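Please open the structure in your viewer and keep the selection tool at hand.

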Amino acid sequence: MAPVIPRSGDAAFANVERVNAELFTLTYGAIVRQLLTDLEEVEEVNKQLDQMGYNIGVRLIDEFLAKSNISRCVDFKETAEVIAKVGFKMFLGVTATVTNWDAEGTSCSLVLSENPLVGFVELPDTCHGLYYCNILCGVIRGALEMVSMKTEVTWVRDMLHGDDAYEMRVKLIKQVPEEYPYKDDE
Amino acid sequence: MATVYNLFIINKSGGLIFYKDYGSAERMDTNDSLRLASLWHSMHAISQQLSPTIGCFGIELLQADNFDLHCFQSLTGTKFFVVCEPGAQHMEGLLKVIYELYTDFVLKNPFYEMEMPIRCELFDLHLSQAVQKERVFILGR
């Protein structure tokens, strides 16, 4: 019964233009470094990275939809799978695993097998509390907001902090109905 | 012989953000194009509500005696529609190509403000090529 949708982003990944991975990693590193210099507070940098990601996400979603041949997802579970298998593959060349669903099916974890943003990175002691890849959280939040899902995305495990994996928690806050606000008194 | 008359792009709140003429008999003035766009936006919304089929996402094709109107709405709510010769083929394909061009040359332009009128030369250029290709393809048959 489920609509036929691509379960992997391989085809989309093959068709998009790519850049040298090292250039990408180093550019991202330079951005984070500059933000640390400009904003000084680690907490502010986390916020700024999230905001930058959000701004990317609200635009990226259309490219994703246009080039991946994804159709409407039936539920949030499918959405999470599509992000993990198709989205990450298409834009970062890696895939994530969806795990740890809560009972209501509104929050889950995305565990990254590889993380192309962190090559060469070692966090110094002064950056304790920095979520180096926070931009990814913002991207997901922004992208989902454009398809009427309000979400909260946070890092729970980060190998740069000594954890054993990269794990993001995606929590669906509410699904905004796609109807027009038909209120007679407005 | 023109097959595509004009192209409209409407943002998700119903504002016309792009209008281009591809050789209709006379050019529509700005007010008319804005009016037509908001009219279509509302009709599209109403059609979703009135449709007897459950899970209808709005009008995709409107056929008249002297033109066809093909509409494509992305999941993010942006609508693309072309007005073309009656019976013109492959318009769904063209709209999909236009959507891709929009993501490439409009959304990726860092100086483009979301939901605002589109003024991107690269977009115009690629669009003309896509429409031209469509024309050649039809003539070639």
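This is a predicted model: local features need pLDDT of at least 70, side-chain atom pairs count only at pLDDT 80 or more; totals for chains, interfaces and linings use all residues.

**Helices α2 and α3 of chain A**

Begin by selecting helix α2 of chain A, residues 21–39, together with helix α3 of chain A, residues 42–68. The axes of α2(A) and α3(A) lie 9 Å apart and the two helices pack at an angle of about 130°, which makes α2(A) oblique to α3(A). The crossing in which α2(A) passes α3(A) is right-handed. To see where they touch, show the side chains of A:Leu35, A:Leu36 and A:Leu39 in α2(A), which meet A:Glu44, A:Val45, A:Gln48 and A:Leu49 in α3(A). By class, the residues of this contact between α2(A) and α3(A) are five nonpolar, one polar and one charged.

Stay for a moment with A:Leu39, which belongs to α2(A). Is A:Leu39 buried or partly exposed? A:Leu39 counts as partly exposed, because it has 14 C-beta neighbours inside 10 Å. When residues up to four places away in sequence are not counted, A:Leu39 touches A:Glu44, A:Val45 and A:Gln48.

**Helices α3 and α5 of chain A**

The contact of α3(A) with α5(A) is made up of 15 nonpolar, eight polar and three charged residues.

**Where chain A touches chain B**

Now display both chains and select the residues of their contact, which takes 12 residues from chain A and 10 residues from chain B. Which element gives the largest share of the side of chain A that touches chain B? That share, eight residues, comes from α3(A). The side of chain A that touches chain B has seven nonpolar and five charged residues, and no polar ones.

**The largest nonpolar core**

Next, select A:Ile61, A:Ile140, A:Ala143, B:Phe8, B:Val82 and B:Ile98, which are the residues with the most contacts inside the largest nonpolar core, a set of 73 residues. Centre the view on B:Phe8 and, leaving aside its neighbours within four places in sequence, look for its contacts with B:Leu16, B:Phe18, B:Tyr19, B:Ala37 and B:Phe81.

A:Glu167 is buried, because 20 other C-beta atoms lie within 10 Å. Setting aside residues up to four places away in sequence, A:Glu167 touches A:Ser109, A:Val111, A:Val156 and A:Arg157. From A:Glu167 to A:Ala21, 146 residues apart in sequence, the C-alpha to C-alpha distance is 21 Å.

Move on to A:Ile173, which counts as exposed because it has 12 other C-beta atoms within 10 Å. Its contacts, leaving aside neighbours within four places in sequence, are with A:Lys150, A:Thr151 and A:Glu152.

Technical notes: Residues are numbered from 1 along each chain as its sequence is written. Chains are lettered from A and ligands numbered from 1 in the order in which they are written. Axes are lines fitted to C-alpha atoms, for helices over the stretch in contact, and angles run from 0 to 180 degrees between N-to-C directions. Helices (H or I, at least four residues) and strands (E, at least two) are DSSP runs, numbered from the N terminus. Ala, Val, Leu, Ile, Met, Phe, Trp, Tyr, Cys and Pro count as nonpolar, Asp, Glu, Lys and Arg as charged, and the others, Gly among them, as polar. A nonpolar core is a set of buried Ala, Val, Leu, Ile, Met, Phe, Trp, Tyr and Cys residues joined through C-beta atoms within 7 Å. Two residues are in contact if their C-beta atoms, placed from the backbone, lie within 7 Å. Angles under 35 degrees count as roughly parallel, over 145 as roughly antiparallel, 65 to 115 as roughly perpendicular and the rest as oblique. A crossing is left-handed if the near helix is turned anticlockwise from the far one by less than a right angle, and right-handed if clockwise.
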